[in-house]
Every structure is written in structure tokens, then in C-alpha cells.
Amino acid sequence: MQDRTRYDLRFRITPPEDGSEPEPMTLASRALHHRSLLFTLRVGFIGDQPASIWKFEGASPFARPHAANDYNRVQLDARGTATLRDVHGGLFNGFAWSWDA
């Protein structure tokens, strides 16, 4: 990747192509391993939205929170997305969610 260049990196989670029931997802995360000053991380939901969503910033793999609380709870916007701006590299930053109320 080049300095001072904008990249749009995406991944999509889809059901298995053979029509079988998907395995439950318990953890998905991304980490930046290079310095980044203007990285934006966005998660979006099409259709059903989770009962609870929370963020974590600058966490080690062992320090990621497993539930929402008053400090990390995130509300989705009108498009069903949540955004973290100016994410710095080196540690884990992201979103987690629970479908259970």
C-alpha cells in the first residue's frame, strides 16, 4: 500500500453457497499493523440488526470487551451502520455485537 493513497477495503459475510446452515460467528476482527492516521472502520447490517452493538479501540486480542456497557455501546445510524474514525494501527479496533436481547 502506498502512503497518501485512499483504499476501500471490504469484506462481506454471506451464507454458504450450498444452502447449508451457516456456522455461528463468534469473533471477527481486523487489525492494522502499520501506522495509519485517517483510517475509517465501518460495519453495516442489511436486514435484521443486532440487539446490542459495541466498539473497542486500541485493545489487545485479550482485552476486547465481550458485552456492551455505558462506555462502549454504539447506536447504528439510519442506514444501519456504525463508524470508527481515525483508527490507529498496531492494536485491535472494531465492533462486536450480540443478536440476543
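The structure is a predicted model, in which local features need pLDDT of at least 70 and side-chain atom pairs count only at pLDDT 80 or more, while totals for chains, interfaces and linings use all residues. Residues are numbered from 1 along each chain as its sequence is written, and side-chain values use heavy atoms, with hydrogens and water left out.

By the rule that rings of Phe, Tyr and Trp (its six-membered ring) pair if their centres lie within 6.5 Å, with planes under 30 degrees apart stacked, over 60 edge-to-face and the rest tilted, there are two aromatic pairs. The rings of Phe45 and Trp97 have centres 5.0 Å apart and planes at 90°, so this pair is edge-to-face; Phe45 lies in the loop between β2 and β3, and Trp97, 52 residues apart from it, in strand β5 (residues 92-98), strands being DSSP runs of E of at least two residues, numbered from the N terminus. The rings of Phe45 and Trp99 are also edge-to-face, with centres 6.0 Å apart and planes at 90°. Phe45 is buried at 11% relative accessibility, whereas Trp99 is partly exposed at 48%, and Phe45, Trp97 and Trp99 form one aromatic cluster.

Phe45 also belongs to the largest nonpolar core, which has nine residues, including Leu41 and Leu84; such a core is a set of buried Ala, Val, Leu, Ile, Met, Phe, Trp, Tyr and Cys residues joined through side-chain atoms within 4.5 Å. Its largest share, three residues, comes from β4.

Note on methods:
Buried < 20%, exposed > 50% of the residue type's maximum accessible area, 1.4 Å probe, protein only. Helix = DSSP H or I, 4+ residues; strand = E, 2+ residues; numbered from the N terminus.
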